[in-house]
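Here is a short note to read alongside the coordinates. Please check each point against the model as you go.

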Amino acid sequence: WITEFDWNSKGEVSDPDNSILAQQVEDFYRLMFSLEAVEGIMMWGFIKEFGSIVDQNINPNTAGDAYLRLYHEEWRTKISTTVRNAMNKNVMIRGFRGDYELKITTGETLKERFEFTLEDDMKITCTQSNGWSCQL
């Protein structure tokens with residue numbers, strides 16, 4: 001775990017539009033996220049006089065937008081794939097660690113819903129015999 005991330009806490013760097021902090025947040029989080037040994041990051045003081053990622057009304061500033069873009073857009077796995085004639089077909093995906101929901105649909109009809117947690121490489125087998133079923 002990274003137990004603290006705090007930048008410019010005393011206001012030594014002039015950054016009125018938080019653009020420098022936005023770059024610092026993006027660079028630091030990217031680097032830490034790339035290291036397999038890092039399981040999480042604790043950011044202190046997301047609202048403060050200097051080095052804040054939100055304004056006084058708790059709305060994200062430029063630095064907050066950089067963090068939100070990474071967390072909610074870039075570091076999410078959302079995959080939709082179409083498999084026709086699914087007998088003996090393999091679908092391989094690469095995803096971030098975390099909780100997932102696999103849905104098998106025919107048109108708009110949900111046939112199977114399977115929840116799992118991705119922690120490492122894994123194989124899920126889904127079969128169709130009197131309906132669909134999936135298992136690890």
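Predicted model: local features only at pLDDT ≥ 70, side-chain atom pairs only at ≥ 80, totals over all residues.

1. Every value below is computed from it.

2. Helix α1. The helix spans residues 19-34, 16 residues in total. From first C-alpha to last it reaches 23 Å. That is close to the 22 Å expected at 1.5 Å a residue.

3. The buried side of α1. Which residues of α1 are buried? They are L21, A22, V25, E26, Y29 and M32. These residues cover an arc of only 145° around the axis, so they sit on the same side of α1.

4. The buried residues of α1 pack against α2, residues 62-74.

5. A22. This residue belongs to helix α1. Its relative accessible area is 9%, and because the cut-off for buried is under 20%, A22 counts as buried. Leaving out residues up to four places away in sequence, A22 touches T62, A63 and A66. A22 and N61 are 39 residues apart in sequence, yet their C-alpha atoms are 8.7 Å apart in space.

6. E26. Helix α1 also holds E26. Is E26 buried or exposed? E26 is buried, because its relative accessible area of 18% falls under the 20% cut-off. The side chains of E26 and R30 are joined by a polar contact of 2.9 Å. Setting aside residues up to four places away in sequence, E26 touches R69 and L70.

7. The cavity. How many cavities of 30 Å³ or more does the structure hold? There is one. The largest cavity has a volume of about 40 Å³. Its lining is made up of F5, D6, W7, L21, M43, W44, G45, K48 and G51.

8. N8. This residue lies in the segment before α1. N8 is buried, with a relative accessible area of 9%. A polar atom of the N8 side chain lies 2.9 Å from the backbone nitrogen of E12. Apart from neighbours within four places in sequence, N8 is in contact with V13, F50 and G51. G51 is also among the residues that line the largest cavity.

Terms used. Residues numbered from 1 in each chain as written. Heavy atoms only, no water. Helix = DSSP H or I, 4+ residues; strand = E, 2+ residues; numbered from the N terminus. Expected span 1.5 Å × (residues − 1). Buried < 20%, exposed > 50% of the residue type's maximum accessible area, 1.4 Å probe, protein only. Arc of directions from axis to C-beta. Contact = heavy atoms within 4.5 Å. Polar contact = N/O pair within 3.5 Å; in protein donor to acceptor, adjacent residues only side chain to side chain. 1 Å grid on protein atoms, 1.4 Å probe; cavity = no way out; pocket = protein on both sides within 12 Å on 5 of 7 lines; lining within 4 Å. Points joined across faces, edges and corners; volume = space filled by probe spheres on them.
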